[in-house]
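I set out to record what I looked up in this structure, entry by entry. The notes begin with the nonpolar cores and end with the annotated segments.

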Amino acid sequence: MAVLLRILRYLAPSKGNVVLVVVVSMMTSIFSVISIYSILPLLNAVFTSSESISMLETTGKQATPNNLALRPNQPRTPPSEPALHTSPGSFDFKRDTGALKEWALTRYQSLFRAETKELMLLKICLFLISAFALKNLFVYLNQVLIFRIQSKTAKKLRDDIFANIIEMPLGYFNRNKVGNLMNYVYNDVENVDRSISTTLVNFLQNPFSIFVYVAVLLALSWKLTLFAVGSSLVIFFFISLIGNGIKGHAAALQERLSDMNSVLQEKFNGIKLIKATAFEHEELGRFRAFTDDFRKTTIRIFRLRDMTGPLNETLLIGAIAMVLWFGGLQVFAGVMTANELLVFAFTLYSVMGPLKMIGNAHNSLQIGRASAERIFEVLDTKPTLVNGKKPISTFQEAIRFENVSFKYREEADAPNVLDNVSFEIKKGDSVALIGQSGSGKSTVADLLMRFYDVDSGRITIDGTDIRDLDYKQLRKMVGVVSQEVILFNDTIEHNIAYGMHEKVTRERIEQAARLANAHGFITDKPDGYLTLIGDRGIQLSGGQRQRLAIARAMVKNPELLIFDEATSALDNESEKVVQEAINHAMEHRSSLVIAHRLSTIKNASMIIVMERGRVVESGTHPELLAMNGAYKNLYDLQFSIPSDPDKSL
Ligand SMILES: Nc1ncnc2c1ncn2[C@@H]1O[C@H](COP(=O)(O)OP(=O)(O)OP(=O)(O)O)[C@@H](O)[C@H]1O
């Protein structure tokens, strides 16, 4: 229920349109009933023999829609008002409702009075066309209005989901599959969207139609109507049982769809590896196993869903047969006429359509509800990272890691990825982090960017804990170039300017590209800075991509530059060009360089050596060599020249 109320809140901005839908739905229902049902007695009247006409006139028998007859040359006298209260205070239900009915029907038939039967038939046919045309006009208006409401709600839901997800810290993306996140924005919203439209059509429009039909049924026989209502309640009970089953399967189906998104995305992104290893066949096999599983889930859900329609119809026809039996007995007993029973059965059949649609809407609502629950789970997830209030755009003294410990996993017995790490980057200094793979170097950079919060200790900038700073401003102050370059399918110019919040001039972009040794290769391209570089920059070489990443970092004119193994994926030739670019970029700037190759960091003001999350040594290149410890070991390992090491760097 709470989920439905929250969805209703999403409809609030469209409340004007919802009111219009209610009005238009009423009109649609009225014209549906008029266009189908009322024509019957009218046509009946035209083709009725004169005996039945005179019977109606002479016996004064209570008029019913199908024993009503029009006499073509009846005098045009206005119908008299219904004589409801013949004597004040004495209301006779049977007599007075009968009079009301007779009055209403007389007024209705007076619309079609004509000199001849032929003229009357023509009038009826014209009425039929107008009634259907009006009904369909309202149906169209309804669809237009509902689409407006539904698309507005879908847009708001999608915007809210994306806004919530994009603000989540990196840890959230580590835990959630990309396919799953995409599914929230796409399929789940689509399901909610669809159930909004079916709900509006079925729970606004159909109840009016049912109301009008039931009014006709009640006018014919309240006993038979009660009988029919009782049967309908039994049917709804069965439908709701099926609906609940569908809801459970619908949630499972969405999970499987998310998995499919993830699998597809992963495989297409890794297509080069699949091709290189000739693994197409194996991947196809895995995908087939997956689609088999997916198919089984869909079969389960559709088996239940498709059962609803035939089951409804069988139950409803059963109800009509019971009504015919019960009504037949009444006809035999002389309580009602055979004509009345036939009209009753026809009306009951007419009410079946809207009833069936409401049954189907219930199922679609359950699917929408399962998706809405998933969506609200995302919307209710609050970022664990609390933003600080203090502004920051520059620093004067130093960035310090003070006894920082951190681990990714939350389990108490999980080992620390960083253990009591302390060091500082003084303004203008270039600090290098080295150590074996997995020793925690990139984690240091991620904590400095406040992608994650430290578990203990603190990171300060000029003495202020970074948790007290506005992390968006902190990130603007830092330029990062990592081994994995993220480029978009856009122009070179836009890729370099990505991340700049204000408009960037071409001069500034070119200046950054020159600093990054990228201007030359960019201008060699036929479209220069306007060259489109393809998905993830596929049309560029590794070294060119890396230099664009450096240019992107430089265009920010950052206070601090972080290079996280920026050259490790490059061959010697490209590495030389990129290293030159890095050296350029680092001039007169504070920097943190994470490197595997010691040759690239020998001039650093401070080199920090890490091992299993701990700082084991720190100092300048000569100091560390003199220590003859971990750094010296790494150095010997890389250059294999134990004697006179300085010459080899
Ligand atoms: N997002 C993550 N979730 C869980 N564990 C992680 C995550 N990122 C890194 N780790 C783990 O933390 C440890 C340190 O990783 P980190 O990337 O900081 O090391 P590194 O020194 O930069 O390694 P490399 O030189 O290979 O890049 C490793 O054991 C790694 O498996």
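Entry 1, the cores. A nonpolar core is taken here as a set of buried Ala, Val, Leu, Ile, Met, Phe, Trp, Tyr and Cys residues joined through C-beta atoms within 7 Å. I worked throughout on a predicted model. I looked up the largest nonpolar core and found that it has 73 residues. The members that touch the most others are Ala432, Ala516, Ile550, Ala551 and Ile607. I then asked which helix gives the most to this core, and it is α17 (residues 542-555), with seven residues. I noted another core lying apart from it, made up of 21 residues, including Ile210, Ile320, Leu341 and Val343.

Entry 2, Ala432. I listed the contacts of Ala432, leaving out residues up to four places away in sequence. Ala432 touches Val593, Ala595, Ile601, Ala604, Ile607 and Ile608.

I located Ile461 in strand β4, which spans residues 456-461. Is Ile461 buried or exposed? I recorded Ile461 as buried because 24 other C-beta atoms lie within 10 Å, where 20 or more are required. Beyond four places in sequence, Ile461 is in contact with Ile392, Phe395, Ile399, Ile466 and Leu469. I also checked Ile461 against Thr394: the two are 67 residues apart in sequence, and their C-alpha atoms are 9.3 Å apart in space.

Which residues are around the ligand? I listed Asn174, Tyr408, Val417, Gly435, Ser437, Gly438, Ser439, Gly440, Lys441, Ser442 and Thr443. By class, I assigned two of the shell residues as nonpolar, eight as polar and one as charged. Helix α12 (residues 441-448) supplies the largest share of the shell, with three residues.

I consulted the UniProt record, an unreviewed entry, which places the feature "transmembrane region" at residues 18-40, 120-141, 200-220, 226-246 and 315-335. I then examined two of these segments in the model. Residues 120-141 are 100% helix and 0% strand, and the C-alpha atoms at the ends are 31 Å apart. For residues 200-220 I again found 100% helix and 0% strand, with the end C-alpha atoms 30 Å apart.

Notes. Residues numbered from 1 in each chain as written. Predicted model: local features only at pLDDT ≥ 70, side-chain atom pairs only at ≥ 80, totals over all residues. Near = placed C-beta within 6 Å. Helix = DSSP H or I, 4+ residues; strand = E, 2+ residues; numbered from the N terminus. Nonpolar A, V, L, I, M, F, W, Y, C, P; charged D, E, K, R; others polar. UniProt positions renumbered as here; feature names shortened; annotations may be inferred. Buried ≥ 20, exposed ≤ 12 C-beta atoms within 10 Å, placed from the backbone. Contact = placed C-beta atoms within 7 Å.
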